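Let's take a friendly walk through this protein fold, a few pieces at a time. Keep the 3D view open as you read.

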Amino acid sequence: MENNQEKEELKIPEILPLLPVRDVVVYPYMIIPLFVGRELSISAVDWALSRDRLIFLATQKDISDEEPSPDEIYSVGTVAMIMRMLKLPDGRVKILVQGLAKGRITEFVETKPFFSVRVDRIVEPAVAESSLETEAFLRTIKEQIAKITSLGKNISSEVTVILENMQDPGSLADLIASNIGLKVEEAQSLLETIDPIERLKKVNDYLNKEIELLSMQARIQSAAKEEMGKTQREYFLREQLRAIQQELGETDARSEEMAELRKAIEDAGMPETVEKEALKQLGRLEQMHPDAAESNMLRTYLDWMVELPWSKSTKDVLDIKRARKVLDEDHYYLDKIKERILEFLAVRKLRKQMKGPILCFVGPPGVGKTSLGKSIARAMGRKFLRISLGGVRDEAEIRGHRRTYVGALPGRIIQGLKQASSNNPVFMLDELDKIGADFRGDPSSALLEILDPEQNHAFSDHYINLPFNLSNVMFIATANQIDPVPSALRDRMEVINLSGYTEEEKLEIAKRYLIPRQIKENGITEKIVSFSDEALKTIISKYTREAGLRNLEREIGSICRKIARKIAEGKKQRFVVTASTVAKYLGPPRFIREGEMEANEIGVATGLAWTPVGGEVLFVEATTMKGKGGLTLTGQLGDVMKESAHAALSFIRSKVAEFRLPEDFYTNLEIHVHVPAGAIPKDGPSAGVTMATALVSVLTRIPVRRDVAMTGEITLRGRVLPIGGLKEKMLAAIRAGITTILIPEQNKKDLEEIPKHILKKIEAVPVRTIDDVLKLALEQYPPPPATAESAPVKPKPTHRRVAHQPKVVS
């Protein structure tokens with residue numbers, strides 16, 4: 001009651017200078033030093049000192065605001081008296097203030113040169129002294145103060161004594177709030193609470209929260225101290241045990257393990273920088289507790305480092321004759337590739353240090369790309385590794401994962417080298433054209449470093465994170481098509497094309513390799529079963545249609561299994577497979593040569609196409625009917641083939657006099673061009689001459705020779721443009737019984753790379769223009785006079801059997 005009377009007797013001016021304060025809330029009867037540095041605030045202090053020393057202290061809402069506006073200052077604050085003032089050398093002012101009474105800003109009178117505010121004094125309601133609730137709150141809060149002091153809260157002993165003797169609820173609440181380190185928002189909320197009992201309740205809540213925080217902090221510190229003490233105790237005991245064991249001539253298991261690991265690092269033949277890093281990581285491992293999470297990761301990393309073949313390599317067999325013999329034993333023909341390997345061995349014999357070649361075998365499935373890699377390794381005396389890149393989409397498969405990831409491993413290159421225990425194996429990267437890419441990275445970009453002789457001497461795997469020399473590795477990539485391989489990657493490799501095999505080559509390969517292998521795999525012997533040459537030719541021509549040998553081996557295996565079953569059933573005789581008995585084992589022929597079934601026909605021309613699985617024969621059929629003029633194209637033709645057909649027709653219309661056709665022949669005819677089989681998509685740029693020949697034949701009524709096939713694109717001027725895949729197309733023509741093939745003159749140079757035994761079976765005639773093509777392909781050229789009104793002669797119906805084929809690219 002006396003305090004309230006004193007508050008009522010205190011006379012406060014209606015208008016006071018305002019001092020905005022940061023990060024502190026000043027309560028009545030609170031004495032606190034303040035540092036004043038803003039010009040606005042210094043002016044307010046000077047004005048107060050020149051008058052009655054009274055100033056209004058209010059907290060600003062944003063402590064970072066250097067020039068707060070009236071809206072950024074709390075309206076409830078404290079009227080204070082400046083007790084002392086000291087000017088500092090840096091221009092600031094230090095004042096000591098004491099809070100007197102609460103007040104509320106009702107109006108900002110002036111804002112320059114300082115804030116002048118109209119203040120209404122806030123008078124707290126009286127509290128009944130005999131209230132049991134008040135007495136209970138007072139006791140509880142004093143007990144809580146004693147508890148937080150015992151938990152380590154820094155409250156001065158003078159304040160503690162004052163709190164013990166204080167009975168006024170409001171003053172007690174204000175004194176506690178100013179000493180327990182409340183946030184500005186919480187302290188301001190208490191200041192704005194007028195009722196002393198309510199203010200005491202809020203203080204009680206804050207004290208409970210503080211006790212919980214201090215208790216939790218004490219438990220954490222106790223646990224940390226206990227763990228630290230336990231760790232230190234274990235360390236000292238371990239050191240004592242190590243000292244005792246050394247005195248006794250014994251060593252503990254971990255020390256022995258670390259010593260073995262150190263010796264393994266020193267004996268691994270690592271480069272100096274790599275060994276330095278490995279020993280550094282070993283030192284880290286020795287300082288770690290064995291149960292630490294990073295300890296296992298480091299141990300695994302060091303195991304990889306030790307097991308990699310940093311300096312281990314196999315000695316190359318540089319006997320050229322022996323290498324040739326090994327290559328000939330495993331593969332028939334393929335002279336170009338064999339010569340390239342022998343050249344490498346010859347150079348390696350003359351020059352000890354050289355980079356390994358990076359080859360890329362491109363060819364249809366089943367031509368022996370992968371098995372050729374094994375033969376190369378055997379011929380050179382090197383170890384052979386193979387990884388399939390088909391469907392690989394994650395760059396980490398090639399470069400490895402960072403060690404920070406759980407379960408991280410090196411990439412497949414480093415894994416393969418560890419498996420081989422040699423740094424110069426023959427490393428085959430299979431299915432290079434089927435590699436993928438997604439959000440996890442582009443594996444083909446990672447291969448750029450691996451397949452670059454100028455970079456791979458310092459290949460960095462993400463897991464190892466140290467340079468590894470790959471320049472001694474002989475990389476061999478394989479692909480069915482070279483087009484999907486990125487150009488930057490293609491540029492780093494020496495591309496060697498493997499075309500399909502001729503019938504004679506397949507016959508020889510079957511006799512040398514396929515039949516002995518299938519006889520062995522099916523548990524029979526050569527004394528029991530034999531194949532005649534005619535039987536093998538029948539299987540090759542009528543039961544398989546492929547560039548490679550896989551289906552041929554399957555058919556031979558099927559015959560061997562049927563014979564093995566008969567032997568298992570008790571039949572003891574020698575089985576000789578002949579041409580007449582092949583159908584008994586394999587059923588009726590699956591393929592019939594197109595050329596054998598056809599005579600010379602009007603409107604039917606034989607073209608040649610290239611596909612990813614080898615060459616194919618492509619028939620182009622054309623017919624005419626009366627109509628209003630138009631060109632219909634069927635057979636699932638792509639845009640390029642459709643454009644070829646239109647270009648061929650435009651060329652014919654521009655040369656009607658040479659073809660002896662009426663000027664307006666096109667206006668009275670409907671022309672239909674069809675390319676069997678209709679269910680197979682077809683596209684490509686080399687069907688132009690075939691379509692032009694078929695159209696000229698149907699319009700002039702001159703049959704096309706059935707033994708002539710052709711390939712090449714034409715221009716509107718009648719020139720024949722060059723094509724690709726010549727060997728594959730020639731092999732397809734040979735399989736179909738074609739005797740003459742018309743090729744663009746610019747492809748004449750490619751005939752030098754065609755084996756002589758292939759050129760003996762088929763005549764390749766270079767042509768420059770479409771006139772050259774028509775002279776050789778048609779029965780009669782130039783054509784006799786004809787009229788557009790002559791009734792079109794429909795070509796003889798064909799009963800061609802069309803096998804399922806892949807998408808044709810002509």
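This is a predicted model: local features need pLDDT of at least 70, side-chain atom pairs count only at pLDDT 80 or more; totals for chains, interfaces and linings use all residues.

If you want a pair to find on screen, look for Val362, which sits opposite Asn497 in β13.

## A strand wrapped up on both sides

Now jump to strand β3, residues 54-59. Six of its six residues are buried, so the rest of the structure largely encloses this strand. Both faces are covered: Leu54, Phe56 and Ala58 are buried on one side, and Ile55, Leu57 and Thr59 are buried on the other.

What does β3 pair with? Strand β1 (residues 15-21) pairs with β3 in the parallel sense, over four bridges, and here Leu19 stands opposite Leu57. Strand β4 (residues 76-87) is also joined to β3 by four bridges, but this pair runs antiparallel. In that pairing, Phe56 faces Val79 of β4.

## Two helix pairs

Next, find helix α8 (residues 253-267) and helix α9 (residues 272-287). Their axes come within 10 Å and cross at roughly 175°. An angle over 145 degrees counts as roughly antiparallel, so that is how α8 runs relative to α9. On the α8 side, the contact is made by Arg254, Met258, Leu261, Arg262, Ile265 and Glu266. The α9 side brings Glu275, Ala278, Leu279, Leu282, Leu285 and Glu286. Sorted by class, that contact has seven nonpolar and five charged residues, and no polar ones.

The other pair is helix α11 (residues 320-330) with helix α12 (residues 335-350), whose axes are 10 Å apart and which pack at about 155°. These two are therefore roughly antiparallel to each other, and α11 passes α12 in a right-handed crossing. From α11, the contact uses Ile320, Ala323, Arg324, Leu327 and Asp328. From α12 come Asp335, Lys338, Glu339, Ile341, Leu342, Leu345 and Ala346. The class count for α11 with α12 is seven nonpolar, no polar and five charged residues.

Is Thr740 buried or exposed? Thr740 has a relative accessible area of 9%, and under 20% counts as buried, so buried is the answer. You'll find Thr740 in strand β24 (residues 740-744). Leaving out neighbours within four places in sequence, Thr740 is in contact with Arg705, Asp707, Val708, Ala709, Ile762, Glu763 and Val765.

Asn522 is in the loop between α18 (503-521) and β14 (529-531). Not counting residues up to four places away in sequence, Asn522 touches Gly557, Cys560, Arg561 and Ala564. Asn522 and Ile563 are 41 residues apart along the chain, and their C-alpha atoms are separated by 9.2 Å.

Methods:
Residues are numbered from 1 along each chain as its sequence is written. Side-chain values use heavy atoms; hydrogens and water are left out. Axes are lines fitted to C-alpha atoms, for helices over the stretch in contact, and angles run from 0 to 180 degrees between N-to-C directions. Angles under 35 degrees count as roughly parallel, over 145 as roughly antiparallel, 65 to 115 as roughly perpendicular and the rest as oblique. Contact means heavy atoms within 4.5 Å. Ala, Val, Leu, Ile, Met, Phe, Trp, Tyr, Cys and Pro count as nonpolar, Asp, Glu, Lys and Arg as charged, and the others, Gly among them, as polar. A crossing is left-handed if the near helix is turned anticlockwise from the far one by less than a right angle, and right-handed if clockwise. Buried means under 20% relative accessible area, exposed over 50%, partly exposed in between (1.4 Å probe, protein chains only). Two strands pair if DSSP finds at least two bridges between them.
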